[in-house]
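Visitor: I have just opened this one. Can you walk me through it?
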Amino acid sequence: MKFTDGYWLLREGVTAAHPVEVLDVTATDGALEIHAPTQPIRHRGDLLKGPVVTISAHTPMPDVIGVTFTHFEGEQPRGPQFELHRAVRGSGGCPPERHSGSQVAYDDEYATLTSGSLTLRLSRTTPWRLDFLAGGRTLTSSGPKGMGIMRDTATGAHYLREQLGLGVGTSVYGLGERFGPLVKNGQVVDIWNADGGTATEQAYKNAPFYLTDAGYGVFVDHPGKVSFEVGSESVSRVQFSVESQQLTYYVIHGPTPKDILRKYTALTGRPALPPAWSFGLWLSTSFTTSYDEKTVTSFIEGMRQRELPLSVFHFDCFWMREFNWCDFRWDPRVFPDPEGMLGRLHERGLRVSVWINPYIAQRSPLFAEGKELGHLLRRPDGSVWQWDLWQPGMALVDFTSPAARDWYAGKLAALLAQGVDCFKTDFGERVPVDVAWSDGSDPERMHNYYTYLYNRTVFEVLRKHRGEGEAVVFARSATTGSQKFPVHWGGDCEATYESMAESLRGGLSLGLSGFGYWSHDIGGFEGTPTPALFKRWLAFGLLSSHSRLHGSSSYRVPWLFDEESVDVLRHFTRLKLSLMPYLYEAARTASAEGVPMMRAMVLEFPDDPGCAHLERQYMLGADLLVAPVFSDEGNVTYYCPAGTWTHFLTGETVTGPRWVREHHGFLSVPLLVRPGSVIPVGSVTDRPDYDHADGVTLRVFGLGRGAQVTVPVGDVTFTVVREGDTLRASCSDPAAAWALAAGERTARAQAGTGFLSLELD
């Protein structure tokens, strides 16, 4: 949201008041409280007018400093609030609790608050200035006319605004799953969830958090609408504003981008670890296609006959009767025996997913039930909020009510008892603001937060009934904290190369916003992909954290495209399953540290300027570089960072840093291994949930003399050391060591293609 008309003027109807000097500073309990007038104090007469901004500087954890600035403190507390680390908030959300390691100091020139390696420095003399310092340098600053109280005289709207300096060459990332350029500099971003597809500036998953490659990130602690101007109103500043009387933001010091994500997710929540079976191939009925149990069985049998490993079968919307979404009842006209059908699918070794959303159509029997029980969202006059978009007369479940959450969860528990294993939690973006929530939440703040309550409810019922480590959803909408309830997918993309590329940008952006796992509709959702596009998207999809075949009006079984599509799907599915020892450790890292499985290149190589803007390639875990092919012909250009990298599929090497041009057939894709890496390769290629250490082969790439690499695989840890031209491996589990010995022969047989022989200690 812009307030100025160029450098000198405000926009028509806008007034502004900015802190210009420090009146006083108080140090209490490891925090600073500052009173800052918005006009110079020249004499006592200037003490008779305002505004005066009240600023609190506080620290919830090392290397994180929060700034809360307030105009009128008499505003009623408004919920909801993000669920932050328990040490961050006090009762009712304010004041924030302090972490015991913070230090405050002040003299006539400066007041400082230090948390770990991060220091906030307040200038007590004019001009107004807040600096954030670490490692002997200034990370960012709030300078004159940065922080401000902004009013729209025409509407009476009252905004608080902050501007933080953007250094020369600094790139900004994150702000949720956004499908435009990965680097957000120059963009206007409104944090407001919307059902807008993947081809617009709107986003299903908004997070008021941005990450920089300059050693810091910023989290704005406001669950409602936050408007960001990323070098777009003031080109050397990142601006954010909210319509409120109080605004809190946190500056998070890394110094590396990975460190920033670790600390941000420590503050807002780490992703749960999805079950291993969820990393296999998912196949869907698609959306508006016609299907029944016979159709489903034909697809699954077709996959079996063609030796295509399948892990999850998904039933989309029409498992329920039309105009009844949701009633959580199988349509008896096409699925007369759901328990028997689910049992038959389980006998084939499959998990089952079904589609749900948080809406109740008027025709659904649950509408009358929910209305009578008070579980549906209401207007201020007490009537149920309804409209005809998506489902005629639909209402929303009011997840602010514990009773409504229990009611909704009970319907899902009945499906789990039938044999359903997980849920695709669709929608949750179009949340109205002309409503009255059960718990009194502010409608503007609930708009984005609704998806958090919705997906938490579903995830918790899965965890309760399926057990710890077995819960997984396929969610479309999200906000800060939603990363705790994986998995998330990219939403409605088109069957085009352009949409394939924008989907990747969205997934990388989401990973830089604290989300650990991400998927997308292979082949595109809207439209039917050409055979060539489908095959290119298969390689990308199977080298993503989660892999699903899903469309809108057409099926996604590969033999409907061409026979080569069957071969391509088989090849890349087996490749992914063989990589599960490596991939599941990357998943564990995402859960333990908040570092995503699919990583923008800047996350792994923040000191390489060539990686700052890369958005058509990524790292899958720490050691595999993937560059999807975005053309029928197979021509691809990618950037190779420093060192000698090895093509995983061929053993050919590429030495960087340099740009590389290659041509790839449909059974190939640039998949390069980082120099000095050891990739554990599993012995199973028909399922993802196996003992990853049993029969594992350690493939060693470019390990330097004297180098040592530790490779965790489940509960087993291997250590590989190069001594001259010999590799020696030891293992924490003697039983698993024999599996390594078998793998040793595989490695030795490939000598000369980038691998070295292994000797077992």
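Visitor: What should I know before we start?
Guide: This is a predicted model, where local features need pLDDT of at least 70, side-chain atom pairs count only at pLDDT 80 or more, and totals for chains, interfaces and linings use all residues. Residues are numbered from 1 along each chain as its sequence is written, and side-chain values use heavy atoms, with hydrogens and water left out.

Visitor: In which order do the strands of the open sheet run?
Guide: The order is E27-E24-E23-E22-E31-E30, with parallel pairing. Strands here are DSSP runs of E, at least two residues, and helices are runs of H or I, at least four, numbered from the N terminus. Two strands pair if DSSP finds at least two bridges between them.

Visitor: Which are the edge strands?
Guide: E27 and E30 (521-522). Each pairs on one side only.

Visitor: Why is strand E24 largely enclosed?
Guide: 5 of its 6 residues (351-356) are buried, so the rest of the structure largely encloses E24. Buried means under 20% relative accessible area (exposed is over 50%, partly exposed in between; 1.4 Å probe, protein chains only).

Visitor: How many bridges join E24 to E27?
Guide: 4, and the two strands run parallel. Serine 353 has cysteine 422 in E27 as its bridge partner. E24 also pairs with E23 (residues 312-315) over 4 bridges, again parallel. There, valine 312 partners arginine 351.

Visitor: New topic. How many salt bridges are there?
Guide: The count is 43. Each is a side-chain nitrogen of Lys or Arg within 4 Å of a carboxyl oxygen of Asp or Glu.

Visitor: Which lysine does aspartate 63 meet?
Guide: Lysine 263, at 2.8 Å from N to O. Aspartate 63 sits in the loop between E6 and E7, and lysine 263 is in helix H1, 200 residues apart.

Visitor: Are those two buried or exposed?
Guide: Both aspartate 63 and lysine 263 are buried.

Visitor: Which arginine pairs with glutamate 83?
Guide: Arginine 456, with the closest N and O atoms 2.6 Å apart. Glutamate 83 is partly exposed at 36% relative accessible area. Arginine 456 counts as buried at 14%.
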